Amino acid sequence: MAISKKASFLLILLVGVVGIIMKFLLNPFSSKEAAKPVDNTEIVVEDVPGEVPTPIPTPTEPAPTPVAKVTSPEIPAKATAKKISLNTSYKSPAGMEDVGFVLNMDASGVVSSAEAIIHATNRESVKYQTSFRDNFNAAIVGKKLSDLSSVDRVGKASLTTGAFNASLSKLKAQI
Amino acid sequence: MEMFSFKALGTEWTLISDDQVFDESIQKSILEKIAFFEERFSRFKDTSEVNAFHQSLSGTYQVSDEFAVLLSRADQLRTLTAGHYDPASAVILEHMGYDKEYGFTPSQKALPSIPLWSIKDQEIQISGPITFDLGGIGKGYCIDMVAGILAAAGYEHYLIDGGGDMYATTKADGSPYNIALEWPSRPGTIYGTVRLCNQGLAVSDTATRRFGEHHHIVDAETGANTKIVLGSVALGATAWDADCATAAFMQWPHCDQIEVEKMLRITSIIITQKEEFLVGKSWPGEIFTEA
């Protein structure tokens, strides 16, 4: 009889604990404590050598861990350009999500490249972060080819020669 | 540095070698191979394989090994783009006036429907008369073919520029080739650079080959020119992979950039008509930004 009472007590205790865990999993931000804004923004500024590096390629798949810190090459003594990496969090309907940014700046403080890094794992969050990342490159500017040095070739849509352009010119002449 | 320039597939080609000269024999071999490719796969050639079925009845037919390879890749792209890319949309280009006579006079007839086709091994099944336009993916394939000729002849350090699409190994000192990326519709304006090292690069836009209100890229789902994408760039292991990616981007107005990048193992930039730059997160090149 004593064993039966103990078993009943353990069963009730187990149901209670599982219930609390399930409640949290299903609605993690219902408590006041969890609803508080989280400010875990992390900014790292690193000097990098001479030439401004290109953004560090990130894996095609979203990173499985919430925060993937950006690493940089070894830092030599005469560093001039800077790499600024920033990881931060925001609240989405699916819970807290992480997103990272990398800015590469040359010695004069000009941003040479910028990249948003997707850390989200939730499908919807990945979609929104992708959209954000795609529009992140807002201030892209053009330069004259003559202002660039060390360029071997120009990648561009092919211009047809001969018949295409000749026929088009004839057509325009008739208009 | 040795250079060899010529015209082929309707554009200017330049080959650069950093170790061997382009002697008469290799020049002849390259020109013959490209000419042969053009004879077989240009829709502007009456006797080409892509025109072989333009009067055929519905049925199943045999195609050559190489045509089957090209059509199989085109079929994959068609599936990936939910039908927006379809080489059988040649019929729409012809209707718009982009025909082999370069008439550029749109037909007054009703818009034709795109014929149905499928490919299995070397057998093609068609719903009726059909012409294929491999323009979106053929040049990349051809650039890789030239790379194969050079590699077989012992060249190690070279770049093949097929009118802006290219493949490069490395320079003789092992350094990559630095490529400037031209802003679509702004000739001479560069928005970034990328380094090529045993990689292929493809560039496409809707600003270059325009005739009247039309350009040369058709969305097979709507039968009209695409209006959302202005241009795209892809960097891949081969020029063909890169070329196939830009074909998908250009013809598919709401494309899933990440899906295309994953399937073809490329990285990319898509430029919208509003000149928004959608830069793939693995893009390794430099993009010029405001201070």
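A: A term to start with: buried means under 20% relative accessible area, exposed means over 50%, and partly exposed is in between, using a 1.4 Å probe and protein chains only.

Q: Okay. What kind of model is this, and how are things numbered?
A: This is a predicted model, where local features need pLDDT of at least 70, side-chain atom pairs count only at pLDDT 80 or more, and totals for chains, interfaces and linings use all residues. Residues are numbered from 1 along each chain as its sequence is written, chains are lettered from A and ligands numbered from 1 in the order in which they are written, and side-chain values use heavy atoms, with hydrogens and water left out.

Q: How much of chain A counts as buried?
A: Of its 175 residues, 30%. For chain B, the figure is 58% of 291 residues.

Q: Switching to cores. Which residues touch the most other members of the largest nonpolar core?
A: W13(B) and L15(B), in a core of 64 residues. Domain 1 (2-33 + 137-287) and domain 2 (52-126) of chain B both give residues to this core, so it lies between them. The domain bounds come from an automatic or database domain assignment. A nonpolar core is a set of buried Ala, Val, Leu, Ile, Met, Phe, Trp, Tyr and Cys residues joined through side-chain atoms within 4.5 Å.

Q: What other core lies apart from it?
A: One of 23 residues, among them M166(B), Y177(B), V203(B) and W283(B).

Q: Back to W13(B). What does it touch?
A: Leaving out residues up to four places away in sequence, the contacts of W13(B) include F4(B), F6(B), I34(B), I160(B) and D161(B).

Q: Where is D161(B), then?
A: D161(B) is in strand 6 (residues 158-162) of chain B.

Q: Buried or exposed?
A: D161(B) is buried, at a relative accessible area of 5%. A polar atom of its side chain lies 2.7 Å from the backbone nitrogen of G164(B). A polar contact is a pair of N or O atoms within 3.5 Å; within protein, one must be able to donate a hydrogen and the other to accept it, and residues adjacent in sequence count only if both atoms are side-chain atoms. Beyond four places in sequence, D161(B) also touches residues of chain A, R153(A) and V154(A).

Q: Which backbone oxygens does the side chain of N51(B) reach?
A: That of R43(B), at 2.8 Å, and that of K45(B), at 2.9 Å. N51(B) is in the loop between helix 1 (24-41) and strand 3 (59-62) of chain B, and is buried, with a relative accessible area of 3%.

Q: Now the end of the chain. Which residues of helix 6 of chain B are buried?
A: In helix 6 (residues 257-264), they are Q257(B), I258(B), V260(B), E261(B) and L264(B). They cover an arc of only 165° around the axis, which puts them on the same side of the helix. The arc is that of the directions from the helix axis to the C-beta atoms.

Q: What follows helix 6 of chain B?
A: R265(B), whose phi is positive, near 55°.

Methods: Helix = DSSP H or I, 4+ residues; strand = E, 2+ residues; numbered from the N terminus. Contact = heavy atoms within 4.5 Å.
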